[in-house]
Amino acid sequence: MPSKKALVRRPSPRLAEGLVTHIARERVDHGLAVEQWEAYVEALDAHGWETLEVDPADDCPDSVFVEDTVVMYRNVALITRPGAESRRAETPGVEEAVARLGCSVNWIWEPGTLDGGDVLKIGDTIYVGRGGRTNAAGVQQLRAAFEPLGARVVAVPVSKVLHLKAAVTALPDGTVIGHIPMTDMPSLFPRFLPVPEESGAHVVHLGGAKLLMAASAPKTADLLADLGHEPVVVDIGEFEKLEGCVTCLSVRLRELYV
C-alpha cells in the first residue's frame, strides 16, 4: 500500500536571515510566513496526507525548507550533507524523524554535498541537479545508495536557479514541467511541457488529479486545469522571497512499508 505521510518543519524565528543566491533579498514578514506555512500544512492534511512535524531548528534560518535534508527512495532515507555549511545543523532532527518511521537510514559523507531540492524522482528514475549546492561526490554517493535498489540516476546541470526542483518538477504521468528561461537542458527529459511562469514549474502531486502549487502562477494553474489536472493553490509568497517553493516545504514519504 502506498503511504501518504509528509514531514514538515515550523519556520525558524530567524527565517528572514535565510540564504538567497539567485535573487535580490527582500524583507520577509515572519508572522505572515507562519500563517502561510500553516495553510500549506492544512492543504496537505485536507487531501489525505498525515503531516508529521519535525522538531524545530530555531537557530537554522532555512530549516523550514525540510526537503533539502533528506532524500527518500522506497523505504530508504538518505540524510543529505547540504551544500551550504550553515544548513548542516538541520539534518539531525530529520534523521531522528525518519528513523522513528522505521526507515533504513544512509548518509552523504564529506566531501560529498547534496541538497534534497536537487533530486527529482519519476518512477525509478532519479534526476539529480549538479552545479549548485550538490557536487559530483554527492551525486556519486546518491547513486551508490539507490542504484542497487533499482534506481537509475541521471545527473542534470543546474546553473540558473538554486535547485533542480526550482527549475522543473513532474506531473503524475511523468511529464516534466518547467519554465524555459530557468531550465538548463529540457532535452534531457523524455517528455517536457513548458509553463508560462517560473513558479508554475513547481507542483506536488497530492493524489488523483490534484496538484499543489503556488498562487503566484495563475496562468500555469489555468494551463494545467485545461489538461485535466486540479490545481490546489496556496500562497507561499514569503518563502518565495527566499527561493522556496511548494516542494521544499515538505518531504513526501510515498513508499513506506505500512
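Helices (H or I, at least four residues) and strands (E, at least two) are DSSP runs, numbered from the N terminus. With those elements in hand, start at the loop between strand 5 and strand 6, where Pro111 is found. A cis peptide bond joins Glu110 to Pro111, with omega at about 10°. Most peptide bonds are trans, and most residues other than glycine have a negative phi.

This is a predicted model, in which local features need pLDDT of at least 70, side-chain atom pairs count only at pLDDT 80 or more, and totals for chains, interfaces and linings use all residues. Residues are numbered from 1 along each chain as its sequence is written, and side-chain values use heavy atoms, with hydrogens and water left out.

Two other loops hold residues with positive phi. Arg74 has a phi of about 55° although it is not a glycine. Arg74 is found in the loop between strand 3 and strand 4. Its relative accessible area is 31%, so Arg74 is partly exposed. Here buried means under 20% relative accessible area, exposed over 50%, and partly exposed in between (1.4 Å probe, protein chains only). Glu243 also has a positive phi, near 65°, and is a residue other than glycine. Glu243 is found in the loop between helix 6 (237-240) and strand 15 (251-253). Glu243 counts as buried because its relative accessibility is 15%.

Two strands pair if DSSP finds at least two bridges between them. Strand 6 and strand 7 pair in the antiparallel sense over four bridges. They form a hairpin with two residues between them. Gly123, in the turn, has a positive phi of about 60°. Ile122 stands opposite Thr125 of strand 7. Strand 7 is mostly covered, with five of its six residues buried. In a regular strand the side chains alternate between the two faces of the sheet.

On its other pairing, strand 7 runs parallel to strand 8 over six bridges. Arg130 stands opposite Pro157 in strand 8. From strand 7 the chain crosses through helix 3 to strand 8, a right-handed β-α-β crossover. Right-handed means that, with the strands pointing away from the viewer, the path from the first strand over the helix to the second runs clockwise.

Now look at helix 3 itself (residues 136-146). Its buried residues are Ala137, Gly138, Val139, Gln141, Leu142, Ala145 and Phe146. Their cover includes strand 3 (70-73), strand 4 (76-79), strand 5 (104-107), strand 6 (119-122), strand 7 (125-130) and strand 8 (152-157). Ala144 also lies in helix 3. Its relative accessibility is 56%, so Ala144 counts as exposed. At the start of the helix, a side-chain oxygen of Asn135 reaches to within 3.2 Å of the backbone nitrogen of Ala137.

Thr80 lies in the loop between strand 4 and helix 2 (91-100). Thr80 counts as buried because its relative accessibility is 4%. Contact means heavy atoms within 4.5 Å. Leaving aside neighbours within four places in sequence, Thr80 is in contact with residues including Asp68, Val70, Thr91, Ile108 and Leu114. A polar atom of the Thr80 side chain lies 2.7 Å from the backbone oxygen of Asp68.

A salt bridge is a side-chain nitrogen of Lys or Arg within 4 Å of a carboxyl oxygen of Asp or Glu. By this rule the count comes to 14 salt bridges. Side chains of opposite charge can pair when their charged atoms come close. The side chains of Asp68 and Arg87 meet in one of these, at 2.6 Å from N to O. This pair links distant parts of the chain, 19 residues apart. Arg87 is in the loop between strand 4 and helix 2, and Asp68 in the loop between strand 2 (50-53) and strand 3. Both Arg87 and Asp68 are buried.

Helix 2 gives another case. The side chains of Arg100 and Glu96 meet in a salt bridge at 3.1 Å, N to O. The two are four residues apart in helix 2, so about one helical turn separates them. Arg100 counts as exposed, at 55% relative accessibility. Glu96 is partly exposed, with a relative accessible area of 44%. Elsewhere, salt bridges that share partners join Arg10, Glu38 and Glu53 into one network.

Technical notes: Polar contact = N/O pair within 3.5 Å; in protein donor to acceptor, adjacent residues only side chain to side chain.
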